[in-house]
Amino acid sequence: MLINVAAIRRAENGTGTFDLQKDFSQVSTRLEGVVFVAPVHVKIQVDNSGDSLLVRGQIKSELDVQCDRCLTAFRYPVHIDYEDEWIYAPQATEEQSETALIFDKDDIDLTERIYEQIILEFPMRFICSPQCKGLCSSCGENLNQKSCDCVQDDIDPRLAALAKWPRED
Ligand SMILES: [Zn+2]
Ligand SMILES: [Zn+2]
């Protein structure tokens, strides 16, 4: 994902748009069972603000993931509003270098930066639907598809521990 920002950087109020696509199917997500199944598509507008380049746009892709509750595989759409600040190295302050993308050549490879954005937006858990009932903890049945006759212990294990405490009343 290589772009050249020479014209935008040199012109006062320089601006440009980029439409990029890259195959990420061989790129690890660092999470077991989570893989890219669509190319990563990036559409951005880059504006020269004088001190830096302000970047706004969208990142789209699709992942194959496994539901954390029912273990069913499902497609998880990646749709991220991407905002960033890119700063030419000689102009960057130390503070900026912690958050902004610092570039020292007008050719910028965005692959790493875009990858980071996607990974940062991962949820704590992938859940196939907010209504997902998960698997029965006794028989393993997928409760989205069938119910089972197991007696469900509804008590949260943490509360169950509290319930055992002697009460003083
Ligand atoms: Zn599920
Ligand atoms: Zn069951």
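Modeller: Buried means under 20% relative accessible area, exposed means over 50%, and partly exposed covers the range in between (1.4 Å probe, protein chains only). This is a predicted model, in which local features need pLDDT of at least 70 and side-chain atom pairs count only at pLDDT 80 or more, while totals for chains, interfaces and linings use all residues. Residues are numbered from 1 along each chain as its sequence is written, chains are lettered from A and ligands numbered from 1 in the order in which they are written, and side-chain values use heavy atoms, with hydrogens and water left out.

Biologist: Which residues of H3 are buried?

Modeller: They are Thr-111, Arg-113, Ile-114, Tyr-115, Gln-117, Ile-118 and Ile-119. Because 7 of the 10 residues of helix H3 (residues 111–120) are buried, this helix is largely enclosed by the rest of the structure. Helices (H or I, at least four residues) and strands (E, at least two) are DSSP runs, numbered from the N terminus.

Biologist: How many residues does the largest nonpolar core have?

Modeller: The largest nonpolar core has 36 residues. Such a core is a set of buried Ala, Val, Leu, Ile, Met, Phe, Trp, Tyr and Cys residues joined through side-chain atoms within 4.5 Å. Val-40, Ile-44, Trp-86, Leu-110, Ile-114 and Ile-118 have the most contacts inside this core. At least two of its residues come from each of E2, strand E4 (40–48), E5, E6, strand E7 (101–103) and H3.

Biologist: And what is Trp-86 in contact with?

Modeller: Contact here means heavy atoms within 4.5 Å. Leaving aside neighbours within four places in sequence, the partners of Trp-86 include Ile-3, Val-5, Ile-44, Leu-53, Phe-103 and Leu-110.

Biologist: On to the strands, then. How many bridges join E5 to E6?

Modeller: There are 14 bridges between E5 and E6, and these strands run antiparallel. Two strands pair if DSSP finds at least two bridges between them. One example is Glu-62, whose bridge partner in E6 is Pro-77.

Biologist: In which sense do E6 and E7 pair?

Modeller: E6 and E7 pair in the parallel sense, over 3 bridges. In E7, Phe-103 is the bridge partner of Tyr-88. The ring of Tyr-88 also has the charged end of Arg-9 over it, 3.8 Å from the ring centre. A charge sits over a ring if NZ of Lys or CZ of Arg is within 6 Å of the ring centre and within 35 degrees of the ring normal.

Biologist: How many aromatic pairs does a search of the whole structure find?

Modeller: The search finds 4 aromatic pairs. In one of them, the ring centres of Tyr-76 and Phe-126 are 4.8 Å apart and the planes are at 85°, so the pair is edge-to-face. This pair links distant parts of the chain, with Tyr-76 in strand E6 and Phe-126 in the loop between H3 and helix H4 (157–163), 50 residues apart. Rings of Phe, Tyr and Trp (its six-membered ring) pair if their centres lie within 6.5 Å; planes under 30 degrees apart count as stacked, over 60 as edge-to-face and the rest as tilted.

Biologist: Is Phe-126 buried or exposed?

Modeller: Phe-126 is buried, at 7% relative accessibility, whereas Tyr-76 is partly exposed at 23%. Phe-122 and Phe-126 form another edge-to-face pair, 5.5 Å centre to centre with 70° between the planes. Phe-122 is buried as well. Tyr-76, Phe-122 and Phe-126 form one aromatic cluster.

Biologist: One last topic. With which side chain does the side chain of Asp-109 make a polar contact?

Modeller: The partner is the side chain of Thr-111, at 2.7 Å. A polar contact is a pair of N or O atoms within 3.5 Å; within protein, one must be able to donate a hydrogen and the other to accept it, and residues adjacent in sequence count only if both atoms are side-chain atoms. Asp-109 is found in strand E8 (residues 107–109) and is partly exposed, with a relative accessible area of 45%.
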